[in-house]
Amino acid sequence: MTDIRHIAADSCNYTNFDAVIVGSGPSGSIVARTLAERGCHVAVLEYGGLVSPGAMLEPHQAAYSKALTSNGPADGNPWTACCVGGGMPFYNGITFRYRQADLSVSQYLATDMEINWPITLQDLEPYYSEIEHLLEVSGANGFLSYPASPRGLMLSNAMQELSIRSKSIPLAIRPPRTNKGCTNCSACDDLVCPTDARASVLARNILDDSPLPGTISVLYGCFVNRIEMRDDGRAEALECYVPLSSELIRIPVERVIVCANAIQSAALMLRSKSGHAPKGIGNESGLVGRGLSFKIKGYSVGYMEPADRGSGAFAPHWGPHATVYTDDFYEHNDVPCRFGGLIYEANFPSPDKNVGLVRLHYTAGEEPWSHNRVVLDEAVDQYGIPYIRFEYRNSENDRARINFLADRADDILRHLGAFRIEREPSSHGKGSGHLHGTMRAGCDPRTSVVDSCGRVHGFTNIHVMDGSVMNFAGSSNPTHTFMANARRMAMSVK
Ligand SMILES: Cc1cc2nc3c(=O)[nH]c(=O)nc-3n(C[C@H](O)[C@H](O)[C@H](O)COP(=O)(O)OP(=O)(O)OC[C@H]3O[C@@H](n4cnc5c(N)ncnc54)[C@H](O)[C@@H]3O)c2cc1C
């Protein structure tokens with residue numbers, strides 16, 4: 001049975017682990033599972049604590065340090081969520097696969113960085129299937145499709161009348177009226193599923209080592225501050241800060257696998273300066289932290305007249321955040337650069353807040369530029385750890401691409417009968433739940449930080465296996481791809 005405990009309650013001497021993983025989100029957890037399947041004894045170090053069923057993201061987020069943003073103040077969010085399971089306990093379960101175009105996007109976009117992935121979609125496909133089985137993803141591998149919500153049905157009809165194809169979203173949520181299925185208890189966004197109908201690393205047996213030949217120990221309440229190096233360039237220990245006891249502890253490592261998210265993983269590498277890596281681990285070419293990419297995205301809210309076709313929009317919304325989408329504008333000649341993304345239903349987190357309106361989300365992968373980056377500030381936080389600063393701005397292409405998708409979303413809402421449409425302003429400069437690109441993958445150390453299997457160039461026992469290694473963010477929600485790619489990379493560890 002997986003040992004999950006606060007690090008202060010742990011009495012082990014930390015020398016029994018074949019690998020230590022930084023971060024217990026979906027990337028770190030699937031890496032832990034993959035190694036334990038192969039007989040390894042693994043520790044997962046996690047800064048945040050355990051979250052309770054029904055817990056909300058926002059108050060929970062406020063407990064963890066902010067990042068400085070381009071304009072100066074500490075108003076940026078450098079976490080998806082800081083807790084056992086990372087962002088996954090709070091996520092919406094939207095589980096798209098990427099397309100080949102996401103991995104070879106230079107046919108549509110160009111920046112000052114390498115933007116193609118060093119692998120193809122074929123390399124990911126077997127791992128996608130395995131993750132879909134583990135998470136019980138609706139509509140995949142024999143699992144039932146998730147039924148459209150009442151608003152989803154209205155949207156689907158409106159799209160069809162506009163000759164836009166609508167589809168059922170693959171969700172890592174068990175449908176209602178199935179074994180342990182969704183009970184439609186809320187509007188299912190930004191909260192931990194109270195019934196485990198929605199997948200997370202604990203709600204499915206991702207972190208459960210009981211049937212596996214190896215073991216997994218999750219030690220939380222522990223911030224990994226630095227990777228310590230030997231003179232020969234091998235990582236030998238992790239310096240960790242334990243806020244509960246105000247102590248710095250040292251955990252020896254045979255191998256370290258960083259899965260802390262594309263902001264935190266880059267920051268850890270930059271904090272880990274040594275004689276062997278004077279600019280930080282993997283940073284000889286000054287690339288660590290550069291190419292920070294989120295999704296470009298936005299929301300349109302259509303306000304409905306009670307008397308018109310939108311009258312179904314006057315009931316509160318219960319159930320998943322989103323059930324229907326269109327990918328008609330993913331690769332499309334009318335989109336600027338011919339590369340767009342997805343438009344999907346996106347209900348507000350509180351059931352009653354949806355009364356009288358229908359809300360759509362549009363999202364696409366943004367261009368990675370070297371000036372968009374994570375750096376360490378000179379200012380330190382209450383624990384003496386340098387603040388993370390992210391410097392970030394969208395390109396004109398990205399603004400044009402997202403505006404195109406916003407216009408198409410507005411067409412759908414207008415067709416549905418919206419008398420007023422409001423667009424919610426985007427706040428990308430302050431962070432996002434979708435983080436990619438700060439430790440790019442490739443063969444050449446001059447243009448990449450890690451190889452195609454996540455090993456940092458020039459270091460034998462340091463790997464990165466989260467969204468940091470994605471050269472293009474992709475135009476779909478990323479967690480399925482993070483997990484499939486992390487499993488692929490973990491399989492290569494000797
Ligand atoms: C509200 C919300 C809804 C979302 N919905 C979806 C969705 O429907 N579909 C989808 O695909 N994606 C969704 N996402 C995004 C998804 O949560 C992330 O893609 C996913 O969690 C990333 O996984 P990860 O393991 O790479 O990183 P994370 O989940 O961020 O995990 C990293 C972990 O590392 C820990 N950590 C970081 N630094 C350190 C350190 N120095 N020492 C110790 N521990 C550290 C963090 O506390 C965290 O727990 C959503 C995100 C949010 C916030």
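1. Start at phenylalanine 223, which is buried, with a relative accessible area of 10%. Tyrosine 47 is buried as well, at 14%. (Buried means under 20% relative accessible area, exposed over 50% and partly exposed in between, with a 1.4 Å probe and protein chains only.) Please keep in mind that this is a predicted model: local features need pLDDT of at least 70 and side-chain atom pairs pLDDT 80 or more, while totals for chains, interfaces and linings use all residues. Residues are numbered from 1 along each chain as its sequence is written, and side-chain values use heavy atoms, without hydrogens and water.

2. Now count the aromatic pairs: there are 11. Rings of Phe, Tyr and Trp (its six-membered ring) pair if their centres lie within 6.5 Å; planes under 30 degrees apart are stacked, over 60 edge-to-face, and the rest tilted. Tyrosine 47 and phenylalanine 223 make an edge-to-face pair, 4.9 Å centre to centre with 70° between the planes. Tyrosine 47 lies in the loop between strand S3 (41–46) and helix H2 (57–61), and phenylalanine 223 in strand S7 (residues 223–229), so their pair ties together parts 176 residues apart in sequence. (Helices, H or I of at least four residues, and strands, E of at least two, are DSSP runs numbered from the N terminus.)

3. Ring pairs also join Tyr108, Tyr330, Phe339 and Phe472 into a cluster.

4. Finally, look for charges over rings (NZ of Lys or CZ of Arg within 6 Å of the ring centre and within 35 degrees of the ring normal). Arginine 359 lies over the face of phenylalanine 348, 4.0 Å from the ring centre. The charged end of arginine 420 sits over the ring of tyrosine 303, at 4.3 Å from its centre.
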